[in-house]
Amino acid sequence: MTGSLWADQGWQTDLTFLADRDAVDDRHDDGPQLELETRFVYGLKTSRRFEAAGRGWTDLSFGLSRERYPDAENNDRLYLDAEILGIAPLDHPFWTQLRLGAQARHATGPDGEVYSRMRLSGALRFAPAQRQTVQLRARIGYREQNDLKTFRGYDQREYLFDVMHLWGSEDWSRRVTTTLYAERRDAEAARFSYDELGLRFSYRQRLDPDTDLVAKTALFTRDYNAGGRYDERFHGSFGIETALTERLNMEAYVGYETNDSTNGRKSYHGSLLGMMFMIPLN
């Protein structure tokens, strides 16, 4: 689901179980190969909304999650996450809302610390027509890699800009979201630096108060600074999000993903299948 409802007061805590397939570097005798591998994720997230007496609100959340790849154990991770997002309405003839956010993540793997990452973002929203929202967002970030435990040169500065358009039907039973983005990852080593252009599209249809059908597509091109590598990736999926009971939400989807790369070891394609259960604990 997109997230459980905020508790009327205090903190809301959710327990999540996920099984799906994800693209990771799998170790082989002749070197790493990018492949779709089975992934299991289980985690705990606690969050709270702080109202600001009609002047907006602030969402605060903390998470702990474990990610396991049975056939590619070198990619196993334990994540610690923290996020804060402030939303303020604007008294302006054009701009309607300001959003400021910060995210922090610390990842450890089988051999110890892997990386730490911090991201800061700012976004402005306006409404070009009834039931439509457009958002302009800029995000900067920095990822510090543990060179001694992983590999050198992967410390990255991140720069992202995206434009999001949201349309909803009169009763909001149908929603369409389109996002166009450009991202720059500037790493210490040129082979890890790249420019990326992408497009994401999602269609959501409400079947009843507890169930949505969701279709998603995403594609991007990624041009690396060194080594002549150029990737084109496509992802498509179709699924359902539903509340099975008052205490149990479920997502399930099927899909397909392909990555065409000038580096043969980074090309792959395959079917996708995923299922997630989320249990509110309070």
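## Exercises on a predicted model

Asp186 is partly exposed, with 22% relative accessible area. The model is predicted.

**Exercise 1.** Asp59 pairs with Arg49. Which strands hold the two residues, and how many residues apart in sequence are the parts they tie together?

*Solution.* 
- The closest N and O atoms of Asp59 and Arg49 are 2.7 Å apart.
- Asp59 sits in strand 3 (residues 57-68), and Arg49 in strand 2 (residues 31-51).
- The pair therefore ties together parts that are 10 residues apart in sequence.
- Compare the cover. Asp59 is buried at 13% relative accessibility, while Arg49 is partly exposed at 30%.

**Exercise 2.** Work out which side chains Arg204 contacts through Asp212 and Glu241.

*Solution.* 
- Begin with Arg204. At 13% relative accessibility, it is buried.
- Asp212 forms a salt bridge with Arg204, with the closest N and O atoms 3.3 Å apart. Asp212 is buried too, at 12%.
- A separate network of shared partners joins Arg119, Arg139, Glu158, Glu183 and Arg185 by salt bridges.
- Return to Arg204. Its side chain makes a polar contact of 2.8 Å with the side chain of Glu241.
- Glu241 belongs to strand 12 (residues 230-245). It is buried, with a relative accessible area of 9%.

**Exercise 3.** Locate Arg131 and Trp172, and say what their phi angles share.

*Solution.* 
- Recall the background. Most residues other than glycine have a negative phi.
- Arg131 has a positive phi, near 65°. Trp172 has a positive phi of about 60°.
- Arg131 lies in the loop between strand 6 (112-126) and strand 7 (132-145).
- Trp172 lies in the loop between strand 8 (156-168) and strand 9 (174-187).
- Arg131 is partly exposed at 29%, and Trp172 is partly exposed at 33%.

**Exercise 4.** Which residues make the nonpolar surface patch of about 450 Å²?

*Solution.* 
- The patch is made by Leu180, Leu199, Leu219, Phe234 and Tyr256.
- Tyr256 is in strand 13 (residues 248-261).
- Test its cover. A patch residue needs over 30% relative accessible area. Tyr256 has 38% and is partly exposed.

Key. Residues are numbered from 1 along each chain as its sequence is written. This is a predicted model: local features need pLDDT of at least 70, side-chain atom pairs count only at pLDDT 80 or more; totals for chains, interfaces and linings use all residues. Side-chain values use heavy atoms; hydrogens and water are left out. Helices (H or I, at least four residues) and strands (E, at least two) are DSSP runs, numbered from the N terminus. Buried means under 20% relative accessible area, exposed over 50%, partly exposed in between (1.4 Å probe, protein chains only). Patches are made of residues with over 30% relative accessible area and no salt bridge: like charges are joined within 9 Å, nonpolar side chains (Val, Leu, Ile, Met, Phe, Trp, Tyr) within 5 Å. Accessible areas come from the Shrake-Rupley method with a 1.4 Å probe; for residues, only the protein chains shown count as cover. A salt bridge is a side-chain nitrogen of Lys or Arg within 4 Å of a carboxyl oxygen of Asp or Glu. A polar contact is a pair of N or O atoms within 3.5 Å; within protein, one must be able to donate a hydrogen and the other to accept it, and residues adjacent in sequence count only if both atoms are side-chain atoms.
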